[in-house]
Amino acid sequence: MAEDTAVEKDQPLADLEPMLPADGGRPDSASFASGGVIAFGDYARSYVAKVRSGDSGLLPVVIGLIVIAAAFQISNSHFLTALNLVNLLEQGSIFMLLALGVIFVLVIGEIDLSVGYVAGLGGIIAGKMLTGAHPWPTWMAIIVPIIACGAIGFLQGSLITRIGLPSFIVTLAGFLGWNGVMLIILGNGGTIPINNNVFDDFANANLSVTVGWVLIAALVVLYAAMLWQKDGRRRKSGLVAPPVGLTILKIVVVALAGIALALICNTNRSQIAIASIQGIPWVVFVVLAMLLLCTFILTRTRLGRYMYAIGGNTEAARRAGVNTALIRTLSFTLCSAMGGVAGIIYAGQLRGVSTNVDGGQLVLYAIAAAVIGGTSLFGGRGKAVHAVIGGLVVASIANGMGLLELSAASEYVVTGLVLLAAVTVDALTHRRASAT
Amino acid sequence: MDGIESEQVVAADAQASGGGGAGSRTPLLELRKMSKQFGPVQALSEIDLKVYPGEVTAVVGDNGAGKSVTLKTISGIHPPDGGEILWQGKPVHIRTPKDASALGIETVYQDLALCGNLDVVQNMFLGRERTRNHLLDENSMESAAAATLSSLSVTTLRSVRQSVASLSGGQRQAVAVAKAVMWNSKLVIMDEPTAALGVAQTAMVLELTRRLASRGLGVIFVSHNFNDVFEVADQIAVLYLGRLVASLPAKGLDRQVVVDYVTSGASSRNGSQLAHADGA
Ligand SMILES: Nc1ncnc2c1ncn2[C@@H]1O[C@H](COP(=O)(O)OP(=O)(O)OP(=O)(O)O)[C@@H](O)[C@H]1O
Ligand SMILES: [Mg+2]
């Protein structure tokens, strides 16, 4: 406080002129205390401050993932084989896609318990469209389920925002109701088989080795170019900017992750000598595409900005002129639509939909993935990438415990404990953040 | 207090920029018989208030007198149940915060209305983000926010990309004030803007308030601190249990008169003040 006072006294109030910008602000911010490129040390310090205030970044969960992988590898040497890791990716893709959807509702401080069965319903709609005497074109069987699931989310979201019902109850009703609808459509113990090349490929096929490398290289180069341009522009305009070293470090990390993914997936993982199975599964790129889309919506558009604002302080968002009911409804819509995408992949993986779909487990794993990845249950904090990293953790646990031939029961217990741990960390950082 | 000297200087300023004779000026904002009810609670009953451009109108009153509710009806948070709002002489309906900001009314709320999880720039532009090709234009917003903050001598922020939750109370207040004055506003409403501030920041906000008025903006200033009120106000309006009981020119006003109105809704010391003020 004493320091503040001294500074203020020496500094006469600057002329008001630039603060009433008729033409928008001039970038004469050079006088602002913290403009310019920041040194690495300062960056590290502000990172620590960020972690303490609850925005923990990815480092803790990545470390956790490495610990989990090491533990399973020690107990079963099959865990880190190419075959198993690709399996794990394919299993995890469903959790990741669902978690991407769930993040939209977690960010606004709500919950969606129905998305697992909504996904199942999406798979059923696709199956119904592709079977029968007059199957629909494949692209229609992709678009229509996604839109239908989005409509379900819009309906549930409208009940929540227009009537003011709690999202927990409305989506719990959805959890029961859509499960019932599924059972009605499928009949007792019924199945809809899907024999469609595109569905099968999206869920089960691999890219050729060359195409895989080219696509990964293209994605890394695209990321590097965008980051380089973004950070470069900030450095040039005299805004607070990360040092060049950090930009390069980020690019290197992403490039290494890409190379590792391609190396693992392009290893021949066939267990018999005469056939070879190799290449990056298509579904990896489906997940990456959805990750990019969700990141784009959350960080680059007003819609995303308003979702965070609502999660942080709904009343403040309302006073700022944000149509909070609309934005919240759209969050539920996007969540369910993403459930539709997951349902299509799920149906493709199983080559059909049956009454065995466990929407309860799916949604709990998805929420666990999002929270483990770093998204807060209290709203306002979360990133799309949390869904992918958290999905990896959940899939690793499920997969590793399967390898150890532990029962499903103990898998549930462990996943439950991990979720509890993640939520506890979330609650503790939240309490610290709101106490300051 | 060295406030007296500077007050006179600025008051002269306001006269110069306000324009027009005292009798013929159109108020920037006029409330006529405005009422607001919350269930059984009659929060406001038939408020009449005039706010002139180039003047600071202070609104005082005890806790629960209806100050915040008055401001919220003007800024579209709680649209009034009855009565009329005139903006530059013409009747208007302010139903949403957007309506208010479209007219040029900006508010610094008592409960700040900032999103703790968003950073300073995101808060200052909330609801009015700049876009390029429909995408958020972060750099342009960051430059403008930084320029506004440094023009307000807010130099204690480490970074404009800091989340608001990590700021001190005074810093948050500064951000809220900067947010309100960044737009081409004609009327700036401040609900207890100095309540959480240290001595230096209070002086800064008061000086800022005077500067806004001297540029021809109307300012409504709510405070419990009579030192602050007498330092900045041209007009002092007193609310008592949801009624406007006095509207007095601040110059030469006896502080004790205001205290009487605030505490009891009436003053025996100078009965002619109210009538006199209404003519202004
Ligand atoms: N949203 C609301 N719902 C119901 N009653 C309300 C609401 N807002 C205010 N009131 C009531 O209106 C009356 C005036 O409240 P207001 O907040 O305007 O007081 P104030 O003059 O700003 O007091 P303070 O100095 O404590 O800020 C109080 O009786 C309060 O209980
Ligand atoms: Mg108040």
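Helix H15 (359–373) and helix H16 (384–403) of chain A are among the elements that cover the buried residues of H3(A). Here contact means heavy atoms within 4.5 Å, and helices are DSSP runs (H or I, at least four residues) numbered from the N terminus. This is a predicted model, in which local features need pLDDT of at least 70, side-chain atom pairs count only at pLDDT 80 or more, and totals for chains, interfaces and linings use all residues. Residues are numbered from 1 along each chain as its sequence is written, chains are lettered from A and ligands numbered from 1 in the order in which they are written, and side-chain values use heavy atoms, with hydrogens and water left out.

The residues of H3(A) that are covered in this way are Val61(A), Leu65(A), Ile68(A), Ala69(A) and Phe72(A). They lie on the same side of H3(A), because they cover an arc of only 100° around the axis; the arc is that of the directions from the helix axis to the C-beta atoms. Ile66(A), Val67(A) and Ile74(A), on the other side of H3(A), are exposed. Buried stands for under 20% relative accessible area, exposed for over 50%, and partly exposed for what lies in between (1.4 Å probe, protein chains only). The length of helix H3 (residues 59–75) of chain A can also be checked: at 1.5 Å a residue its 17 residues should span 24 Å, and the end C-alpha atoms are 25 Å apart, which agrees. The expected span is 1.5 Å times one less than the number of residues.

H15 of chain A also holds Leu362(A), which counts as buried at 8% relative accessibility. Not counting residues up to four places away in sequence, Leu362(A) touches Ile94(A), Phe95(A), Leu98(A), Gly116(A), Tyr346(A) and Val357(A). Phe168(A) is 194 residues from Leu362(A) in sequence and 16 Å from it in space, C-alpha to C-alpha.

H5(A) is another helix with a consistent length: its 16 residues should span 22 Å at 1.5 Å a residue, and its end C-alpha atoms are 23 Å apart, which agrees. H5(A) is mostly covered, with 14 of its 16 residues buried. After H5(A) comes Gly132(A), whose phi is positive, near 90°.

The next topic is charged pairs. The whole structure has 16 salt bridges over all chains, a salt bridge being a side-chain nitrogen of Lys or Arg within 4 Å of a carboxyl oxygen of Asp or Glu. One of them joins Glu110(A) to Arg328(A), with the closest N and O atoms 2.8 Å apart. This pair links distant parts of the chain, 218 residues apart: Glu110(A) is in the loop between helix H4 (82–107) and helix H5 (115–130) of chain A, and Arg328(A) is in helix H14 (residues 324–350) of chain A. Glu110(A) and Arg328(A) are both buried.

Another salt bridge is formed by Arg305(A) and Glu138(B), whose closest N and O atoms are 2.6 Å apart. It crosses between chains, from Arg305(A) in helix H12 of chain A to Glu138(B) in helix H5 (residues 138–151) of chain B. Arg305(A) is buried, as is Glu138(B). Glu138(B) also pairs with Arg161(B), the closest N and O atoms being 3.1 Å apart. Arg161(B) lies in the loop between H5 and helix H6 (169–181) of chain B, 23 residues from Glu138(B). Glu138(B) counts as buried at 17% relative accessibility, whereas Arg161(B) is partly exposed, with a relative accessible area of 23%. Salt bridges that share partners join Arg234(A), Arg305(A), Asp119(B), Glu138(B), Glu142(B) and Arg161(B) into one network.

Gln122(B), in helix H4 (residues 120–124) of chain B, is in contact with two members of that network, Arg305(A) and Arg161(B), leaving aside its neighbours within four places in sequence. Gln122(B) is buried, with a relative accessible area of 15%.

Chain A is divided into domain 1 (11–30 + 56–201 + 301–435) and domain 2 (206–280), with bounds from an automatic or database domain assignment. Their centres, taken over C-alpha atoms, are 24 Å apart. The contact takes 6 residues from domain 1 of chain A and 7 residues from domain 2 of chain A.

Confidence is given by pLDDT, the predictor's value for each residue, from 0 to 100. Chain A averages 85, and 88% of the residues score at least 70. In chain A, helix H12 (residues 302–312) has the highest mean, 97, and helix H1 (residues 2–10) the lowest, 36. Over residues 1–34 of chain A pLDDT stays under 50, and the model has 75 contacts beyond four places in sequence for these residues. Where pLDDT is low, the predicted coordinates should not be read in detail.

Technical notes
Helix = DSSP H or I, 4+ residues; strand = E, 2+ residues; numbered from the N terminus.
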